[in-house]
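User: Please take a close look at one part of this structure for me, a patch on its surface. Then show me how the rest of the chain is built.

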Amino acid sequence: MSTAVVVEGPGEHRLVPHEPLRPAAGEALVRVHAVGICGSDREVYQGNRPEGYVRYPLTPGHEWSGTVEEVGAGVPAALVGRKVVGEGFRNCQVCDRCHAGETTLCTAGYEETGFTVPGAMAATLTLPARLLHVLPEDADLTAAALLEPAACIAAAALKANARPGERVAVVGTGTLGMFAVQFLKAGSPAELLVVGTRPDREALSKDFGATDFRTRDQELPGDFDVVVETAGSASAARTAASLLRRGGRLVLTGIPAPGAEGLDPTDLVVRQLEVHTVFGAPPDAWAHTVRVFGAGLLDPSPLVTHELPLSAFPEAIELVGSGDPKVGKVLLKP
């Protein structure tokens, strides 16, 4: 029998029978191949997600890949059988921000797969077909389950607008940091520095294209054109800003806990730093991610360390929060 994970409330979950939801007009039914777990899923389970950004009871799962099994009226039948990933934000499509392509800023209110509407920790997922991005026929669906966090970093890379020959840096060595290295490497930088707290990530960083690696307790160079911050730690934003040249470009993607060190407004003004932020991924970032993945320039596979069944949901949640350096990306497979 097909099953689904349901989080009833903080710290409470159960495995329940799952019946596929037939797609209505404009929708598609996807057979889930794999679903990733990230820190925000742990927040959902522990009850730490901010009010308004979760709705219990809930089937989590916003990082996923699968194959289209059925489509509703108005959806091209050619989608059936195709490998896909999908955007999470359920934007309204009619507000000014949506019309501008900034769907993660939709003014109709926050709705996202796996947080306020049922996610992919189930055998199937039914969602608006307009959110789907089709993968190449030979795509590795296990690797593709990581394309949601990759799309968030693609949004950062697009905002950073790193030009060939520029000096670029990444702060953070987790999944997002390793994706940032790959996206920035594809832009042919003159130098690509990675700064983190885990010396064990040096080899992987360099495999992905980094030219230098430093831990934060080492002397850090400066004068970089572009820095992408992915760590979300209390001091990460300041560390990232300190690496920039005058007039440099900074993109922040991490969400630190309350009490984090803020950027110095005087420093921002005097050095004329350009600061951008990213929360989620709009359609252009998703399209960019799928293109780069399809071209073989983005390889999520080395980041996956655990593949578990849905029944191991609590074990997977503990692995994600364990702090064990041997734990990378954890996937559940329905």
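Predicted model: local features only at pLDDT ≥ 70, side-chain atom pairs only at ≥ 80, totals over all residues.

Analyst: Y53, I255 and F279 make a nonpolar surface patch of about 300 Å². Look at I255. This residue sits in the loop between β12 (244-252) and α8 (265-270). I255 has a relative accessible area of 64%, so it counts as exposed.

Now go inside. The largest nonpolar core has 47 residues. Those with the most contacts inside this core are L135, L147, V181, F183, V228, F293 and L298. Several elements give two or more residues to it, among them α3 (141-144), α5 (175-185), β8 (167-171) and α9 (283-294). The top contributor is α4, with 10 residues.

Take L135 as an example. Leaving out residues up to four places away in sequence, L135 touches R82, K83, V84, V85, L141, A144, L147, V290 and F293. There is also a second, separate core, with 31 residues. V75, V84, L131 and A312 are among its members.

Finally, step back to the whole chain. It has 10 helices and 15 strands. Of its 334 residues, 51% count as buried. Take the contacts between residues at least 6 apart in sequence: 69% of them join residues at least 24 apart. The C-alpha trace spans about 55 × 40 × 40 Å along its principal axes. For 334 residues, a compact globule would have a radius of gyration near 20 Å, and the chain agrees, with 20 Å. The accessible surface comes to about 14400 Å². Carbon and sulfur atoms account for 51% of that surface.

Conventions: Residues numbered from 1 in each chain as written. Heavy atoms only, no water. Patch = residues over 30% accessible without salt bridge, like charges linked within 9 Å, V, L, I, M, F, W, Y side chains within 5 Å. Areas by Shrake-Rupley, 256 points an atom, 1.4 Å probe, with all protein chains shown as cover. Salt bridge = Lys/Arg side-chain N within 4 Å of Asp/Glu carboxyl O. Helix = DSSP H or I, 4+ residues; strand = E, 2+ residues; numbered from the N terminus. Buried < 20%, exposed > 50% of the residue type's maximum accessible area, 1.4 Å probe, protein only. Core = buried A, V, L, I, M, F, W, Y, C linked by side-chain atoms within 4.5 Å. Contact = heavy atoms within 4.5 Å. Rg over C-alpha atoms; globule rule 2.2 N^0.38 Å.
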